[in-house]
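Work through the exercises below with the model open beside you. Try each task before reading its solution.

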Amino acid sequence: MSRRPRSLGPEERALWGKVTESVTPRLKRRAVVAEPDAAALEAVPPARSALTLANPMPSPPSPPKPVPSPAPALVTLERRARRAIVRGHVAIDGRLDLHGMRQEEAHRRLHGFLASMHRRGCTIVLVITGKGGRPRLETGDFHAETGVLRRLLPQWLALPELRRLVIGFEPAHIAHGGEGAFYVRLRRHRGE
């Protein structure tokens, strides 16, 4: 059996009325929209109205930008592959000698060479940077930087523009230039 709620008597209603007059309701408050002044309305292009200024339509969310997948880490040649190259069982498909070039020219030539070899389907190339010479005694600059191309080649091969072509690299065997040259292994050409 359900009970009926008790109704309030006249004194209770009067007391309840005084209580509710002094209380502020805890409802969600609507945003207060200030009316734009006349100067602001004149500056609005004619296609817009005061209603669109007071309640702008939210723009649709932009589609998420595709996040490029990180390229796999550059790897060194497997021991068997390196041995096969050194012994001549696997041919070096191309050679690029960067001796005597400035950094900008060497970088440009390296990019063009690797792109060309990749298009041809080559897999192993040799890039010769040189070991870097000793500072010249004539100039007196004993602190001159040497072996710049040898130091920069690994950084260049790690750049995104070359990562799509290169699997890995490592210093060449003494028979192919030792510390002054690098074997560079290229990705398979997919008919781009």
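**Exercise 1. Classify Glu170 by burial, then find its salt-bridge partner.**

Step 1. Glu170 has a relative accessibility of 11%, so it counts as buried. The cut-offs are these: buried means under 20% relative accessible area, exposed means over 50%, and partly exposed lies in between (1.4 Å probe, protein chains only).

This is a predicted model, in which local features need pLDDT of at least 70 and side-chain atom pairs count only at pLDDT 80 or more, while totals for chains, interfaces and linings use all residues. Residues are numbered from 1 along each chain as its sequence is written, and side-chain values use heavy atoms, with hydrogens and water left out.

Step 2. The side chain of Glu170 meets that of Arg82 in a salt bridge, 2.6 Å from N to O. The term requires a side-chain nitrogen of Lys or Arg within 4 Å of a carboxyl oxygen of Asp or Glu.

Step 3. Arg82 sits in helix H4 and Glu170 in strand S3, so the bridge ties together parts 88 residues apart in sequence. Helices (H or I, at least four residues) and strands (E, at least two) are DSSP runs, numbered from the N terminus.

Step 4. Check the partner. Arg82 is partly exposed, at 24% relative accessible area.

Step 5. Look across the sheet from Glu170. Tyr183 in S4 stands opposite.

**Exercise 2. How many salt bridges does the structure hold, and which residues form the others?**

Step 1. The count is 3.

Step 2. Glu12 pairs with Arg6, with the closest N and O atoms 3.1 Å apart. Glu12 is partly exposed at 32% relative accessibility. Arg6 is exposed at 66%.

Step 3. Arg109 and Glu105 also meet in a salt bridge, at 3.8 Å from N to O. These two residues are 4 apart in helix H5, so about one helical turn separates them. Both ends are partly exposed: Arg109 at 39%, Glu105 at 30%.

**Exercise 3. Give the strand order of the open sheet and the sense of each pairing.**

Step 1. The open sheet has 4 strands in the order S1-S2-S4-S3, with mixed pairing. Two strands pair if DSSP finds at least two bridges between them.

Step 2. Find the edges. Strand S1 (94–97) and S3 each pair on one side only.

Step 3. Neighbouring strands are turned by 20° against each other on average, direction ignored. Axes are lines fitted to C-alpha atoms, for helices over the stretch in contact; angles run from 0 to 180 degrees between N-to-C directions.

Step 4. Walk along the order. S1 and S2 run parallel, joined by 4 bridges. Asp97 stands opposite Ile128 in S2. S2 and S4 are antiparallel over 5 bridges, and Ile124 faces Arg185 in S4. S4 and S3 are antiparallel, over 5 bridges. Val166 has Leu186 in S4 as its bridge partner.

Step 5. Check burial. In S2, 4 of the 5 residues are buried, so the rest of the structure largely encloses this strand. In S4, 5 of the 6 residues are buried.

**Exercise 4. Find and classify the aromatic pair.**

Step 1. A search of the whole structure returns 1 pair. The rings belong to Phe169 and Phe182; their centres are 6.0 Å apart and their planes meet at 65°, so the geometry is edge-to-face. Rings of Phe, Tyr and Trp (its six-membered ring) pair if their centres lie within 6.5 Å; planes under 30 degrees apart are stacked, over 60 edge-to-face, the rest tilted.

Step 2. Locate the rings. Phe169 is in S3 (residues 166–171) and Phe182 in S4 (residues 181–186), 13 residues apart.

Step 3. Check burial. Phe169 is buried at 17% relative accessibility, and Phe182 is buried at 6%.
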